Amino acid sequence: MANLRSEVVKLYKNLLYLGREYPKGADYFRKRLKAAFLKNKDETDPEKIKQLIARGEFVIKELEALYFLRKYRAMKQRYYSDDKS
């Protein structure tokens with residue numbers, strides 16, 4: 001159980017770090033993140049906890065994709081013009 005707890009704490013820290021660049025703001029993200037973790041704080045079933053950790057890791061991948069796409073669009077806009085002529 002201690003191993004799962006450390007995984008959950010690590011997941012929370014990673015999400016908190018990624019939330020700094022969230023489009024709606026870090027405060028918005030932090031409040032939603034805290035609410036999501038508090039909602040499941042009383043979960044004791046190890047299988048359910050593993051499922052929740054997997055969902056959190058999926059969210060991390062989605063956030064990274066969102067940030068990479070935003071950076072790609074900014075770079076493309078900076079270096080390529082939309083002129084077709």
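Predicted model: local features only at pLDDT ≥ 70, side-chain atom pairs only at ≥ 80, totals over all residues.
How many nonpolar, polar and charged residues are in the lining of the largest pocket?

**Start with the whole chain.** Show the protein chain as a cartoon and you will find three helices and zero strands, in the order α-α-α from the N terminus. The radius of gyration is 17 Å, well over the 12 Å that the globule rule gives for 85 residues, so the chain is more spread out than a compact globule. Along the principal axes, its C-alpha atoms fill a box of roughly 65 × 25 × 15 Å. Of the 85 residues, 16% count as buried.

**Colour by pLDDT.** The chain has a mean of 89, with 95% of residues at 70 or more. Among the elements, H2 has the highest mean (94) and H3 the lowest (90).

**Select residues 7-60.** An unreviewed UniProt entry places the feature "domain: Complex 1 LYR protein" here. This span is 76% helix and 0% strand, and its end C-alpha atoms lie 14 Å apart.

**Now open the largest pocket.** It holds about 1000 Å³ of space. Select Val 8, Ala 36, Phe 37, Leu 38 and Asn 40: of the 29 lining residues, these are the closest to the pocket's centre. H2 gives the largest share, with nine residues.

Finally, colour the lining by class, and the opening question is settled: 19 residues are nonpolar, three are polar and seven are charged.

Key:
Residues numbered from 1 in each chain as written. Heavy atoms only, no water. 1 Å grid on protein atoms, 1.4 Å probe; cavity = no way out; pocket = protein on both sides within 12 Å on 5 of 7 lines; lining within 4 Å. Points joined across faces, edges and corners; volume = space filled by probe spheres on them. Helix = DSSP H or I, 4+ residues; strand = E, 2+ residues; numbered from the N terminus. Nonpolar A, V, L, I, M, F, W, Y, C, P; charged D, E, K, R; others polar. UniProt positions renumbered as here; feature names shortened; annotations may be inferred. pLDDT = per-residue confidence, 0-100. Rg over C-alpha atoms; globule rule 2.2 N^0.38 Å. Buried < 20%, exposed > 50% of the residue type's maximum accessible area, 1.4 Å probe, protein only.
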